[in-house]
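Please keep the sequence and the structure in view while reading.

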Amino acid sequence: MTAPRISAGPSAQPLLQLLLLLLLLAAGCTHGYKPVVIVHGILDGPKQFEVLSSFITKVHPGTQVFVISLYNNLKSLQPLSIQVRDFRKALEDFMLRSPGGIHLLCFSQGGVVCRALLSVAPNHNVDTFIALSAPLAGQYGDTNYMKYLLPDITKDIVYLFCYSKIGQNCSICNYWNDPHHRSSYLRKNTFLPLLNGERPHPHLQEWRESFLRIKKMVLIGGPDDGVITPWQSSHFGFYDDNEDVVEMRNQEFYRNDTFGLKTLDARGDMSVCVQSGVKHTKWHGNFTVFQSCIEKWLT
């Protein structure tokens, strides 16, 4: 027995033509990548991120990459509260032009700046925040940067300068975290203790809600960095008063979930990437780091 033949009548033909057109369009579409906004570190500027930008556009053709040109080089020593104000204006301009969301990739001191931006910009549309070797829990160490900025001053007495009104006008002092002078850090550091919710303030809840708008946070660092001290600060770990490193999940700001870190972790939206053998100034030019820690998040 011959099966009945079903033919499309005149009324079905436009629908079939429409479906065929949609299939052809879908086959010809290319993936649209979210724009990437990069914030540089201390004593840096856009020039240092040309290689990283080329990595992004090579692997994800057509991606718009913006390196914000503000507070470059020596101007990066300006107080972070002022820097955050101006970086916020620039970031909001990029976000207005990118209603589908952006990725925020921030290096070194820029990671601290971006942490603040995520808190103070209540309507941000940042999809993924990538912190590349950033002192997120603070800095405490005799590094080349400190020797350049404060020659002949050892780490154990830097607090005398940093925890003063004059010192708080220097960016690095805004995240200087001396574990042996905890009370002075909490009382006199006007930036990081507020940002990480280590000191109560009226904006704590709204900053927390704003930070939690991100969909993913990626923390990148490694033991051979040589500048971020301790290097685990790039993963929100830090020294206790014996200079033993306390990892992120045992930090008070994590346990109390003061700015949303524990919630983000519980959501499964935090990724930690450790890379050995990378010096601080080489992170953004290392293709292995890009492939292993960054590339897959920039979609």
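Buried means under 20% relative accessible area, exposed means over 50%, and partly exposed lies in between (1.4 Å probe, protein chains only). This is a predicted model, where local features need pLDDT of at least 70, side-chain atom pairs count only at pLDDT 80 or more, and totals for chains, interfaces and linings use all residues. Residues are numbered from 1 along each chain as its sequence is written, and side-chain values use heavy atoms, with hydrogens and water left out.

**Cysteines**

Start with Cys170. Cys170 is buried, at a relative accessible area of 15%. A disulfide is a pair of cysteine sulfur atoms within 2.5 Å.

How many disulfides does the structure hold? There are three. Counting bonded cysteines along the chain, the pattern is 1-2, 3-4, 5-6.

| Disulfide | S to S distance |
|---|---|
| Cys106 and Cys114 | 2.0 Å |
| Cys162 and Cys173 | 2.1 Å |
| Cys273 and Cys293 | 2.0 Å |

Take the link of Cys106 and Cys114. It is left-handed, with -85° about the S-S bond. Cys106 is buried at 0% relative accessibility. Cys114 is buried as well, at 0%.

Next comes the link of Cys162 and Cys173. The angle about its S-S bond is -65°, and the link is left-handed. Cys162 sits in helix α6 (residues 158-162) and Cys173 in the loop between α6 and α7 (182-188), so this pair ties together parts 11 residues apart in sequence. Helices (H or I, at least four residues) and strands (E, at least two) are DSSP runs, numbered from the N terminus. Cys162 is buried at 0% relative accessibility. For Cys173, also buried, the relative accessible area is 0%.

The link of Cys273 and Cys293 is left-handed too, with -50° about the S-S bond. Cys273 belongs to strand β8 (residues 270-274) and Cys293 to helix α12 (residues 287-294), so the pair ties together parts 20 residues apart in sequence. Cys273 counts as buried at 11% relative accessibility. Cys293 counts as buried at 1%.

**Strand β3**

Cys106 leads on to strand β3 (residues 102-107). Six of the six residues of β3 are buried. In a regular strand the side chains alternate between the two faces of the sheet. In β3 both faces are covered. Ile102, Leu104 and Cys106 are buried on one side, and His103, Leu105 and Phe107 are buried on the other.

What are the neighbours of β3? Two strands pair if DSSP finds at least two bridges between them. Strand β1 (residues 36-39) runs parallel to β3, joined by four bridges. Val39 stands opposite Cys106. Strand β4 (residues 126-132) also runs parallel to β3, with six bridges. Phe129 in β4 is the bridge partner of Leu104.

β3, helix α4 (residues 109-120) and β4 form a right-handed β-α-β unit. Right-handed here means that, with the strands pointing away from the viewer, the path from the first strand over the helix to the second runs clockwise.

**Cavity and pockets**

Rolling a probe the size of a water molecule over the atoms shows where empty space is left. On a 1 Å grid over the protein atoms alone, a cavity is a set of points where a 1.4 Å probe fits but cannot get out, and a pocket is an open set with protein on both sides within 12 Å along at least five of seven lines; lining residues have an atom within 4 Å of a point. Grid points are joined across faces, edges and corners, and a volume is the space filled by probe spheres set on the points.

One cavity of 30 Å³ or more is counted. The largest cavity has a volume of about 80 Å³. It is lined by 10 residues, and the closest to its centre are Ile42, Gln139, Ile172, Tyr175 and Val227.

The largest pocket holds about 330 Å³ of space. Its lining has 18 residues, with Arg182, Glu198, Tyr239, Gln251 and Glu252 closest to the centre. Elements giving two or more residues to this lining are α7, β6 (238-239) and α10 (252-255).

The second largest pocket holds about 220 Å³. Among its 15 lining residues, Ser81, Val84, Thr190, Phe191 and Trp207 are closest to the centre. Here α3 (80-96), α4 and α8 (192-195) each give two or more residues. α3 gives the most, with four residues.
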